[in-house]
Structures are given as structure tokens and as C-alpha cells.
Amino acid sequence: MVKTAAFDAADYLNDEETIAAYLTAALEDPNPDVFLAAVRDVARARGMAQLAKDAGLGRESLYKALTPGAKPVSAPRTPSLRSPG
């Protein structure tokens, strides 16, 4: 029997160009949860604990904020990120 590992995007987000392309693609999806999941993948790729510390948050708080369905403080600004120009 062939064993496979679960896909984890964070394993492939190892340079700025790849991260930028990943986040850009996520922004193109009309579902805001897709973008939150992508940001969470990037955070995990860079080290969630260190990112939380740098942001002045607890690791658990950062996980919660990046969970699909969360309502981050910057959510009202999200549509402006998608507008042309």
C-alpha cells in the first residue's frame, strides 16, 4: 500500500516571491476565509510563535485571529486590496 503525506502549503512557502504569489492568488478568491487561511499558512511557514511575539500577541491569539471565519480588525479594508489601481 502506498502511503502519502498530507499536503501542507507552509512546507513550500520558503521565499518572498512564492509567498507573494500565494497571497495574491488567495486575494483573488471572493471568500475571505481563503485569504485568512493563506495568511495562516505563511505565518506557520515563518514560525507562528516568533510572529506572535513580534506582533505582541500570544500564539493562541494569533491562531484564533487567522482561523477561517474570524473577523480580523482589518477586515473592512480587505475590499480595497482587491480594487484596481
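**Figure 1. Overall content of the protein.** Read along the sequence, the pattern is α-α-α-α-α. The model is predicted, and local features need pLDDT of at least 70, side-chain atom pairs count only at pLDDT 80 or more, and totals for chains, interfaces and linings use all residues. Residues are numbered from 1 along each chain as its sequence is written, and side-chain values use heavy atoms, with hydrogens and water left out. Of the 85 residues in the protein, 21% are buried; here buried stands for under 20% relative accessible area, exposed for over 50%, and partly exposed for values in between (1.4 Å probe, protein chains only). Among contacts (heavy atoms within 4.5 Å) between residues at least 6 apart in sequence, 47% join residues at least 24 apart.

**Figure 2. The pairing of helix H1 with helix H2.** The axes of H1 (residues 16-27) and H2 (residues 32-46) come within 8 Å and cross at roughly 165 degrees, the axes being lines fitted to C-alpha atoms, for helices over the stretch in contact, with angles from 0 to 180 degrees between N-to-C directions. H1 is therefore roughly antiparallel to H2, given that angles under 35 degrees count as roughly parallel, over 145 as roughly antiparallel, 65 to 115 as roughly perpendicular and the rest as oblique. The crossing of H1 and H2 is right-handed, a label used if the near helix is turned clockwise from the far one by less than a right angle, and left-handed if anticlockwise. On H1 the contact is made by Glu16, Ile19, Tyr22, Leu23, Ala26 and Leu27, and on H2 by Val34, Phe35, Ala38, Val39, Asp41, Val42 and Arg46. By class, this contact has 10 nonpolar, no polar and 3 charged residues (Ala, Val, Leu, Ile, Met, Phe, Trp, Tyr, Cys and Pro count as nonpolar, Asp, Glu, Lys and Arg as charged, and the others, Gly among them, as polar).

**Figure 3. Ala10 in the segment before H1**. Ala10 is buried, with a relative accessible area of 12%, and touches Asp41, Arg44 and Ala45 when residues up to four places away in sequence are not counted. The C-alpha atoms of Ala10 and Ala43, which are 33 residues apart along the chain, are separated by 8.2 Å.

**Figure 4. Leu66 and Pro68 in the loop between H4 and H5**. This loop runs between helix H4 (59-65) and helix H5 (78-82). Leu66 counts as buried at 10% relative accessibility, whereas Pro68 is partly exposed, with a relative accessible area of 45%. Leaving aside residues up to four places away in sequence, Leu66 touches Leu36, Val39, Arg40, Ala43 and Met48, and Pro68 is in contact with Asp33, Leu36 and Ala37. From C-alpha to C-alpha, Leu66 and Val39 are 7.1 Å apart in space and 27 residues apart in sequence, while Pro68 and Ala38, 30 residues apart along the chain, are separated by 9.8 Å.

**Figure 5. The aromatic pair of Phe7 and Tyr12**. The count comes to 1 aromatic pair, under a rule by which rings of Phe, Tyr and Trp (its six-membered ring) pair if their centres lie within 6.5 Å, with planes under 30 degrees apart counted as stacked, over 60 as edge-to-face and the rest as tilted. The ring centres of Phe7 and Tyr12 are 5.5 Å apart and their planes lie at 10 degrees, so the pair is stacked. Both Phe7 and Tyr12 are exposed.

Notes:
Helices (H or I, at least four residues) and strands (E, at least two) are DSSP runs, numbered from the N terminus.
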